[in-house]
Amino acid sequence: MALRISATSLFLLAASAVSAASPEAWEAFRADIEGKCLAATTTLEDKTAWVDPFGTESYGIAVVTGRSRYADGRQFAVCVYDKATKTVETLSETDLQVLMPDR
């Protein structure tokens, strides 16, 4: 019984932590990730970013797609945003066909 109450309490705490931020705060979070990730992918042109709406507890995640300056076709890069330091790191660009071979 005590375990069930503890598990339920943890679930409710986690759920309230996600909903505790205002919609404006989440939008600012996503905009910060998008701007920093687009700036960090310097070898892509005509790029766009898809930002995971909330990320993980410690990180925000974005996928940036665009046309490579050095290769044919569209490329993508995964971008990781550290919520504590508000800095980003990107994985190297990869051909988009790796993700969507039938397109």
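Predicted model: local features only at pLDDT ≥ 70, side-chain atom pairs only at ≥ 80, totals over all residues.

Reader: OK, which cysteines does a disulfide join?

Author: Cys37 and Cys79 are joined, with 2.0 Å from S to S, and the count comes to one disulfide (a pair of cysteine sulfur atoms within 2.5 Å). The pair links distant parts of the chain, 42 residues apart, since Cys37 is in helix α2 and Cys79 in strand β3, residues 74-82. Helices (H or I, at least four residues) and strands (E, at least two) are DSSP runs, numbered from the N terminus.

Reader: Are Cys37 and Cys79 buried or exposed?

Author: Both Cys37 and Cys79 are buried, where buried means under 20% relative accessible area, exposed over 50%, and partly exposed in between (1.4 Å probe, protein chains only).

Reader: And why is the disulfide called left-handed?

Author: Because the torsion about the S-S bond of Cys37 and Cys79 is about -80 degrees.

Reader: Switching topic, how many salt bridges are there?

Author: The count is five, a salt bridge being a side-chain nitrogen of Lys or Arg within 4 Å of a carboxyl oxygen of Asp or Glu. One of them pairs Asp32 with Lys36 at 3.4 Å, N to O, and these two residues sit four apart in helix α2, about one helical turn. Another is formed by Glu45 and Arg67 at 3.2 Å, N to O, and this pair connects distant parts of the chain, with Glu45 in strand β1 and Arg67 in strand β2 (residues 59-68), 22 residues apart.

Reader: Which residues do salt bridges with shared partners join into one network?

Author: The network is made up of Glu45, Asp46, Arg67 and Arg69.

Reader: Last one: where is Thr41?

Author: Thr41 is in the loop between α2 (23-40) and β1 (44-51), and with 0% relative accessibility it counts as buried. A polar atom of the Thr41 side chain lies 3.2 Å from the backbone oxygen of Leu38.

Reader: What is Thr41 in contact with, leaving aside its neighbours within four places in sequence?

Author: Thr41 is in contact (heavy atoms within 4.5 Å) with Lys47, Val64, Ala77, Thr90 and Glu93.

Conventions
Residues numbered from 1 in each chain as written. Heavy atoms only, no water. Polar contact = N/O pair within 3.5 Å; in protein donor to acceptor, adjacent residues only side chain to side chain.
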